[in-house]
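Please open the model in your viewer and get ready to select a few residues. We will go from stop to stop together.

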Amino acid sequence: MNSVPILIVEDDRKTAALIECYLRKEGFSTIKATDGIEAIELFTSETPRLVVLDVMLPRLDGFAVCSEIRKESQVPILFLTARDDEVDCVLGLGLGADDYVAKPFSPRTLVARIKALLRRSQMTAAITPSAVTGISGLTFDRQKRRFLLHGESLELTPLEFTLLKTLFSMPGRVFLRNELLDKLYPGGEVVIDRVVDVHVGKIRQKLIDDPENPTYIHTVRGLGYRFSDPK
C-alpha cells in the first residue's frame with residue numbers, strides 16, 4: 001500500500017467509508033476528515049498526495065478548504081458536489097480544484113478519476129528537439145517539469161500544467177475546446193463545457209495575462225484558444 005495517503009474530506013461517514021474501502025482495494029492508504037477545520041489540520045500534518053473534498057462541510061465548507069490548500073500547495077483536489085450544479089463546479093474549479101464528481105456517484109468511477117489525476121501529476125514531460133523552450137519571458141524546464149515566468153516558478157495544478165503545456169508546445173495553432181478537453185480528460189470523463197475556460201482563466205491570472213490584450217493565451221471566438229507566436 002502506498003505510504004503517502006489520500007485525504008478524504010466527507011462528513012457523511014458512510015460515504016467516506018465507501019470511498020476509503022474502494023481506494024484501499026486499489027492499494028492506496030487513506031486518512032479521513034469530517035469537517036473543514038480538521039481537513040486543513042490533517043493536510044498540514046500528513047501532506048497527502050491528493051484530496052477528495054466534499055463541498056458541504058461543517059465548520060468550514062469545501063470551497064474555503066480548497067482556498068486554504070491552494071495558498072501552500074498544488075496537490076490534486078477532486079471536489080464532490082451534492083448535485084451536478086454548474087455553479088458549484090465552476091466555483092470549485094475557479095478556486096483551483098482539478099476535477100469534480102457529482103453525487104450520487106459510482107465508486108469505481110470516482111477511483112478512476114482519482115487515478116487519472118494522479119497520473120497527470122506524476123507523468124514526466126517528453127523531450128523532443130523541436131519543443132518550444134521560451135516565449136516572451138515564459139520558459140519550460142523539461143528536466144524539472146515546470147514553467148517559469150521571468151525566472152520565477154509558476155505554481156500550477158496538474159490540469160493547468162497539462163493545458164498550458166499543450167498550448168505552449170504549438171504556438172500559433174488554434175486548439176478547439178473539444179481538443180483541449182480530450183487532453184485534460186483522456187478517459188472520456190463527462191465534464192461541463194466551461195471547464196476549459198475556467199482553467200484558462202486561472203492560468204491567465206498566474207501569467208498576469210490580460211485577456212483583452214494577451215501576451216500569451218489568445219481566445220479564438222467560437223473555436224478555442226491559441227498560444228502566441230514566437231517573437
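Which residues form a nonpolar patch on the surface? Select Val-174, Leu-176 and Leu-223: together they have about 220 Å² of accessible area in this predicted model. Stay with Leu-223, found in the loop between strand S11 (217-220) and strand S12 (224-227). Leu-223 counts as partly exposed because its relative accessibility is 43%.

Next, go inside. To outline the cavity, select Phe-79, Thr-81, Asp-88, Cys-89, Gly-92, Leu-93, Ala-97, Asp-99 and Tyr-100. Strand S4 (77-81), helix H4 (86-94) and strand S5 (99-102) each give two or more residues to this lining, and H4 provides the largest share with 4 residues. Colour the lining by class and you will find 5 nonpolar, 2 polar and 2 charged residues.

Now for the salt bridges, of which the structure holds 12. Start in helix H1 (residues 13-25), where Glu-20 and Arg-24 lie 4 residues apart, about one turn of the helix. Their side chains meet at 3.5 Å, N to O. Glu-20 is buried at 17% relative accessibility, while Arg-24 is partly exposed at 36%.

Then select Arg-59 and Asp-35, whose closest N and O atoms are 3.2 Å apart in a salt bridge. This pair links distant parts of the chain, 24 residues apart. Arg-59 is exposed at 62%, whereas Asp-35 is buried at 10%.

For a last stop, select Glu-10, Asp-54 and Lys-103, which are linked in a network of salt bridges.

Note on methods:
Residues numbered from 1 in each chain as written. Predicted model: local features only at pLDDT ≥ 70, side-chain atom pairs only at ≥ 80, totals over all residues. Heavy atoms only, no water. 1 Å grid on protein atoms, 1.4 Å probe; cavity = no way out; pocket = protein on both sides within 12 Å on 5 of 7 lines; lining within 4 Å. Nonpolar A, V, L, I, M, F, W, Y, C, P; charged D, E, K, R; others polar. Patch = residues over 30% accessible without salt bridge, like charges linked within 9 Å, V, L, I, M, F, W, Y side chains within 5 Å. Areas by Shrake-Rupley, 256 points an atom, 1.4 Å probe, with all protein chains shown as cover. Salt bridge = Lys/Arg side-chain N within 4 Å of Asp/Glu carboxyl O. Buried < 20%, exposed > 50% of the residue type's maximum accessible area, 1.4 Å probe, protein only.
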